[in-house]
Amino acid sequence: QVQLVESGGGLVQPGGSLRISCVTSGITFSSYDMRWYRQAPGKEREFVARIDTSGESTYDSDSVKGRFTIARDNAKNTVYLQLNSLKFEDTAVYYCNAIQEPYSNYWGLGTQVTVSS
């Protein structure tokens with residue numbers, strides 16, 4: 001049974017930081033590209049960042065570039081997203097996604113990040 005479990009979300013003030021995690025099980029983690037997405041209330045889910053299987057190649061969306069950092073630990077079957085310089089508009093449920101082309105695509109249930117003063 002494949003499971004992706006996000007954690008580490010919470011309430012943070014503007015300008016603050018959080019690190020969210022996604023622990024996986026039931027997959028060969030090191031064979032999967034990992035991605036973070038987010039969905040704000042009333043909006044569509046949007047791509048945030050991705051990291052390749054080795055962790056050497058990453059890509060961030062323009063909206064988070066320079067503020068968020070994706071990383072992975074293949075020994076711990078875990079992907080991380082470090083969120084710095086948080087803004088009100090970063091408030092969303094953050095989801096992790098494991099993908100192995102062409103057929104395997106798994107999602108977690110998400111962790112809430114709320115930026116509020």
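This is a predicted model: local features need pLDDT of at least 70, side-chain atom pairs count only at pLDDT 80 or more; totals for chains, interfaces and linings use all residues.
Local features need pLDDT of at least 70 and side-chain atom pairs pLDDT 80 or more, while totals for chains, interfaces and linings use all residues. Residues are numbered from 1 along each chain as its sequence is written, and side-chain values use heavy atoms, without hydrogens and water.

Strands (DSSP E runs of at least two residues, numbered from the N terminus) S7, residues 68-73, and S8, residues 78-83, pair in the antiparallel sense over six bridges; pairing requires at least two DSSP bridges. Isoleucine 70 has leucine 81 of S8 as its bridge partner. Four residues separate the strands of this hairpin, where asparagine 77 takes a positive phi near 55 degrees. Phe68, Ile70 and Arg72 form the covered face of S7, and Thr69, Ala71 and Asp73 the uncovered one.

The structure holds four aromatic pairs (Phe, Tyr or six-membered Trp ring centres within 6.5 Å; planes under 30 degrees apart are stacked, over 60 edge-to-face, the rest tilted). The rings of tyrosine 32 and tyrosine 106 are tilted, because their planes stand at 45 degrees, with centres 6.2 Å apart. Tyrosine 32 lies in the loop between S3 (18-25) and S4 (33-39) and tyrosine 106 in S10 (residues 104-107), so the pair ties together parts 74 residues apart in sequence. Phenylalanine 47 and tyrosine 59 are stacked, 6.0 Å centre to centre and 25 degrees between the planes.

Accessibility classes are buried (under 20% relative accessible area), exposed (over 50%) and partly exposed (in between), with a 1.4 Å probe and protein chains only.

| Residue | Relative accessible area | Class |
|---|---|---|
| Tyrosine 32 | 6% | buried |
| Tyrosine 106 | 29% | partly exposed |
| Phenylalanine 47 | 24% | partly exposed |
| Tyrosine 59 | 44% | partly exposed |
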